[in-house]
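Have the sequence and the 3D view open while reading.

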Amino acid sequence: PPPDSALPWTKFSKDGAAGFSFWAWLDGILALLHDHLKQLWKDGLILGFVSRKQERKLLKVKRSGTFLIRFSESVLGGVTCTWVEHPESGPPAFRAVVPYTAAELASLALPDIIRDYQLLAEENIPENPLLFLYPDMARDEAFGPYYSQRQEGILSKKKEYLNQRLIRVSSR
């Protein structure tokens, strides 16, 4: 294995003083998979154990809007989504969202986050940059079977409260 793939003993051991140990990291991932991502993992929609360096290598040759889902290296029990954008000139740009943890996924399922994710682009026009799941599957084809059903309101019926929908929005 390459030298940069080695895991120092302080991170591997259970009593590691640097951040969190490998065991705490792995336990957080296993809990997240079990409680929130089991079927997505079984169906191969989460790439998972991929480093930031590897993700860039995989995505840089893909078309703009291609994204992958991997486990966070910096957030205990987190999963993140990274996509590639190819500007007209210059190198590809890689964008990643702050990792989602069990706390966020308890209120909003990952497929719904992916479907409804919005990035405020030029002139504050929201757009979903997540178009193709790595290596090359349309987002809705990959996650469509897992989307929650939206409740459409009946306009003629008076409601005491308006329906709400949680969405994730980022700005550049």
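Which residue forms a salt bridge with R115? The partner is D116, and the closest N and O atoms of the two are 3.0 Å apart. A salt bridge here is a side-chain nitrogen of Lys or Arg within 4 Å of a carboxyl oxygen of Asp or Glu. The model is predicted: local features need pLDDT of at least 70, side-chain atom pairs count only at pLDDT 80 or more, and totals for chains, interfaces and linings use all residues. Residues are numbered from 1 along each chain as its sequence is written, and side-chain values use heavy atoms, with hydrogens and water left out.

R115 counts as buried because its relative accessibility is 16%, and D116 is buried with a relative accessible area of 5%. Buried means under 20% relative accessible area, exposed over 50%, and partly exposed in between (1.4 Å probe, protein chains only). A network of salt bridges links D112, R115 and D116.

The structure holds seven salt bridges. One of them joins E55 to R70, with the closest N and O atoms 2.6 Å apart. E55 lies in helix α3 (residues 52-59) and R70 in strand β1 (residues 66-71), so this pair ties together parts that are 15 residues apart in sequence. Helices (H or I, at least four residues) and strands (E, at least two) are DSSP runs, numbered from the N terminus. E55 and R70 are both buried.

D136 forms a salt bridge with R63, where the closest N and O atoms are 2.7 Å apart. D136 lies in the loop between β6 (132-133) and β7 (137-138), and R63 in the loop between α3 and β1, so the pair ties together parts that are 73 residues apart in sequence. R63 counts as partly exposed, at 43% relative accessibility.
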